[in-house]
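Colleague: I would like to go through this model with you and ask what stands behind each label. Could you show it to me?

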Amino acid sequence: AALSRSATSLRDGLVARARGQLGTRYVYGAADPGAGLDCSSFVRYVMEALDVRLPRTANQQARVGRPVPRDPAQLRPGDLLTFGRGRRTSHVGIYLGEGRFIHAENETTGVVITDIRSDYHRKHYAGAKRLA
């Protein structure tokens with residue numbers, strides 16, 4: 001029970017750190033919230049709170065962690081969601097729960113919360129990884 005509470009506390013902290021970046025500008029290649037973040041640097045920044053060190057790109061990050069079944073009911077807050085076409089991952093985000101995830105979307109919107117069931121994301125959803 002104590003381990004379960006500890007895991008829940010870690011996930012809650014991770015989700016809070018991610019939500020704290022809502023509205024941060026999207027800047028491709030940037031790696032600091034003050035300068036802006038792209039999708040993979042956003043995920044790296046958030047995961048640093050758990051002392052999880054991730055590679056730089058979305059494609060590299062998609063290879064880290066334990067695979068989670070594609071069934072959205074199996075997702076937990078803090079899971080890394082990957083998107084792309086074929087074998088190449090081009091976008092990553094962090095699952096928040098209730099079908100929503102947070103990610104650095106693009107130059108127009110920056111860091112936002114999106115429904116995983118949107119047409120685009122449902123069509124390009126590649127899978128999920130559990131890092132913590």
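What follows is a talk about the terms used for this predicted model.

Modeller: Gladly, and some ground rules to begin with. This is a predicted model, where local features need pLDDT of at least 70 and side-chain atom pairs count only at pLDDT 80 or more, while totals for chains, interfaces and linings use all residues. Residues are numbered from 1 along each chain as its sequence is written, and side-chain values use heavy atoms, with hydrogens and water left out.

Colleague: How many helices and strands does the protein have, and in what pattern?

Modeller: There are four helices and eight strands. Along the sequence the pattern reads α-β-β-α-α-β-β-β-β-β-α-β.

Colleague: Why is the protein called as compact as a globular protein of its length?

Modeller: The radius of gyration is taken over C-alpha atoms, and the globule rule is 2.2 Å times the number of residues to the power 0.38. For 132 residues that rule gives 14 Å, and the protein has a value of 14 Å, close to the rule, so it is as compact as a globular protein of that length. Along the principal axes, the C-alpha atoms fill a box of roughly 45 × 30 × 25 Å.

Colleague: What makes Thr-89 buried?

Modeller: Buried means under 20% relative accessible area, exposed means over 50%, and partly exposed is in between, with a 1.4 Å probe and protein chains only. Thr-89 has 9%, so Thr-89 is buried. Its place is in strand E5, and among the residues that Thr-89 touches are Ala-58, Phe-83 and Gly-84. Touching here is contact, meaning heavy atoms within 4.5 Å. Over the whole protein, buried residues make up 45% of the 132.

Colleague: Is Asp-38 buried or exposed, and how do you know?

Modeller: Asp-38 has 4% relative accessibility, so Asp-38 counts as buried. You will find Asp-38 in the loop between strand E2 (36-37) and H2. Its contacts include Tyr-26, Tyr-28, Arg-56 and Ala-104.

Colleague: And Gln-21, buried or exposed?

Modeller: With a relative accessible area of 10%, Gln-21 is buried. Gln-21 lies in the loop between H1 and strand E1 (31-32), and Gln-21 touches residues including Pro-33, Phe-42 and Tyr-45.

Colleague: What makes H2 mostly covered?

Modeller: Seven of its nine residues are buried. Among them are Cys-39, Ser-40, Phe-42 and Met-47.

Colleague: What is in the largest nonpolar core?

Modeller: A nonpolar core is a set of buried Ala, Val, Leu, Ile, Met, Phe, Trp, Tyr and Cys residues joined through side-chain atoms within 4.5 Å. The largest one has 22 residues, and Phe-42, Val-43, Met-47, Ile-94 and Ile-102 touch the most other members. Helix H1 (2-19), helix H2 (39-47), strand E5 (88-97) and strand E6 (100-104) each supply at least two residues of this core, and H2 gives the largest share, five residues. Apart from it lies another core, of nine residues, including Val-68, Leu-75, Leu-81 and Tyr-95. In soluble globular proteins, nonpolar side chains tend to be buried together.

Colleague: Why are Asp-51 and Glu-98 called exposed?

Modeller: Asp-51 has a relative accessible area of 61% and Glu-98 has 69%, so each meets the cut-off for exposed. Asp-51 is in the loop between H2 and helix H3 (58-61), and Glu-98 is in the loop between E5 and E6. Asp-51 also has a positive phi of about 60° although it is not a glycine, and phi of Glu-98 is near 55°, again positive in a residue other than glycine. Most residues other than glycine have a negative phi.

Colleague: Which residue lies over the face of Tyr-45, and how do you know?

Modeller: A charge sits over a ring if NZ of Lys or CZ of Arg is within 6 Å of the ring centre and within 35 degrees of the ring normal. Arg-17 lies over the face of Tyr-45, at 3.9 Å from the ring centre.

Note on methods:
Lists of a residue's contacts leave out its neighbours within four places in sequence.
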